[in-house]
Amino acid sequence: MPSGSAGRRYAHAVFDLAKDQDKLEQWSNDLEVLAYTFKQGEVQNFLENPRSSRESKINFIKNTLSSRIGPEALNLAQLLVQRERQGYTDTIFFEFTRLWNRLRGIALAEVTTAMEVDAAEQEKIRENLVRLVGQQVTIEMKVDPTIIGGMVALVGDTLIDGSVRTRLQNLRKQLT
């Protein structure tokens, strides 16, 4: 999946358009549909097939998405396919969501734990992060058994590392 600056540029352009038209929620929904659709194996295979003409790819997108997304998002989808940049839809959706969350004062936190945590524990983690960063927080949970225990949270550019692995590494450094 491409993830460079081109995807972010598309996202910023779409975000500015959505904000000007007061259609942020509609665009968010449409971009989610685009990202999901373009991730599907059959869709990817067809769009990446060099034997399929560009015109047939664009018609496929029109037929597949015209009833599920707005006309402007459909134009974006066709443009991405025409320029063979459909692989950027995940990046566009992620960056658009990040911009919209920033506008609404919501921080995204990637929280990594050693094992799955239930909804009640996730809510406690979210509340603690709200207190730490001073704004609303949406959490995305990940599991990584190598941290042994505790948790690691990345909120924006701030890393909060309360993992057992890091504590053990720090202890090892102190002892040597």
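Helices (H or I, at least four residues) and strands (E, at least two) here are DSSP runs, numbered from the N terminus. This is a predicted model, so local features need pLDDT of at least 70 and side-chain atom pairs count only at pLDDT 80 or more, while totals for chains, interfaces and linings use all residues. Residues are numbered from 1 along each chain as its sequence is written, and side-chain values use heavy atoms, with hydrogens and water left out.

I will start with helix H6, residues 89-104. Glu-95 and Arg-98 both lie in this helix, 3 residues apart, about one turn. Their side chains meet in a salt bridge at 2.5 Å, N to O; the term means a side-chain nitrogen of Lys or Arg within 4 Å of a carboxyl oxygen of Asp or Glu. Glu-95 is buried, with a relative accessible area of 5%, whereas Arg-98 is partly exposed at 34%. For those words, buried is under 20% relative accessible area, exposed is over 50%, and partly exposed is in between (1.4 Å probe, protein chains only).

Asn-101, also in helix H6, is buried at 9%. Its side chain makes a polar contact with the side chain of Arg-104 at 2.4 Å. A polar contact is a pair of N or O atoms within 3.5 Å; within protein, one must be able to donate a hydrogen and the other to accept it, and residues adjacent in sequence count only if both atoms are side-chain atoms.

What ties helix H6 to helix H2? Lys-39 in helix H2 (residues 24-39) pairs with Asp-90 in helix H6, so parts 51 residues apart in sequence are tied together. The closest N and O atoms of this salt bridge are 3.7 Å apart. Lys-39 is partly exposed, at 48% relative accessibility.

The salt bridge count comes to 6. Another of them joins Glu-110 and Lys-142, with the closest N and O atoms 3.2 Å apart. That pair links strand S1 (residues 106-113) with strand S2, across 32 residues. Glu-110 is partly exposed at 27%, and Lys-142 is partly exposed at 36%.

Last, the loop between strand S2 (136-143) and strand S3 (151-155) holds Ile-148. Ile-148 is exposed, with a relative accessible area of 52%.
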